[in-house]
Amino acid sequence: MQIGLVALMSAKVQRSVLLKIKTLLREARASGIPVIYIQHHGAKGHPLETHTKGWEIHPSLKPADGEPVIRKQESDSFFETTLQHELEKRGIKQLVIAGGMTEYCVDTTCRRATSLGYDVTLASDAHLTRDNGILTAANIIAHHNFVLDEFGAGNHVIRAKPTDQIVF
């Protein structure tokens, strides 16, 4: 959740999703569950242009000391990044995914994770997008929660659950 991404969203979506992600972070940390951040490196002129204000992680969701920040350039958080190595190093087999944007990074990373052997819980109320001229943000999010819930590869599956049903 980078400043430039959050700024593209409606104030209502910003408040709701930031609060849900803060809850997930607090509960994961309290349970000793590792938290790994993904930071998109955007090209010049992109809302997430590298080393600009928009590129920075939203101040309300800053990483705690020692939490890795993995930088990526594509929607797939595993593509040409160290994410899989970080997960393997920690023995992690199940992921809870939140963030943005729903139809790009969230969708792609959830699907790729199952094909790499991870079970995924998609925090259904803790990912965001914006209206796109065809669908509203709410429609896009609802559609992806529906489509991704029970999506799987082999024995690994995505489960979409609201934040208050996710137990660490």
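Let's start with the second largest pocket: its lining is made up of five nonpolar, three polar and two charged residues. (Ala, Val, Leu, Ile, Met, Phe, Trp, Tyr, Cys and Pro count as nonpolar, Asp, Glu, Lys and Arg as charged, and the others, Gly among them, as polar.) Keep in mind that this is a predicted model, where local features need pLDDT of at least 70 and side-chain atom pairs count only at pLDDT 80 or more, while totals for chains, interfaces and linings use all residues. Residues are numbered from 1 along each chain as its sequence is written, and side-chain values use heavy atoms, with hydrogens and water left out.

**The second largest pocket**

- This pocket holds about 180 Å³ of space. A pocket here is an open set of points on a 1 Å grid over the protein atoms alone, where a 1.4 Å probe fits, with protein on both sides within 12 Å along at least five of seven lines; lining residues have an atom within 4 Å of a point. The volume is the space filled by probe spheres set on the points, which are joined across faces, edges and corners.
- Its lining consists of K12, V13, S16, V17, S124, D125, H127, A137, A138 and I141.
- Two or more of these residues come from each of α2, β4 and α5 (137-148), and α2 has the largest share, with four. Helices (H or I, at least four residues) and strands (E, at least two) are DSSP runs, numbered from the N terminus.

**The largest pocket**

- Here you get about 1,200 Å³ of space.
- The lining counts 45 residues, and I36, I38, V96, I97 and A98 are the closest to the centre.
- α2 (11-30), β1 (37-40), α3, β3 (94-100) and α4 each give two or more residues to this lining, and β3 gives the most, with seven.
- By class, the lining of the largest pocket splits into 31 nonpolar, 11 polar and three charged residues.

**Aromatic rings**

- The whole structure has one aromatic pair (rings of Phe, Tyr and Trp, its six-membered ring, with centres within 6.5 Å; planes under 30 degrees apart count as stacked, over 60 as edge-to-face and the rest as tilted).
- That pair is F78 and Y118, stacked at 5.9 Å centre to centre with 25° between the planes.
- The two partners are 40 residues apart: F78 is in the loop between β2 (69-72) and α3 (83-89), and Y118 in the loop between α4 (102-115) and β4 (119-128).
- F78 is buried, at 6% relative accessible area, and Y118 is buried too, at 4%. (Buried means under 20%, exposed over 50%, partly exposed in between, with a 1.4 Å probe and protein chains only.)
- R111 sits over the face of F151, 4.8 Å from the ring centre (the cut-offs are NZ of Lys or CZ of Arg within 6 Å of the ring centre and within 35 degrees of the ring normal).
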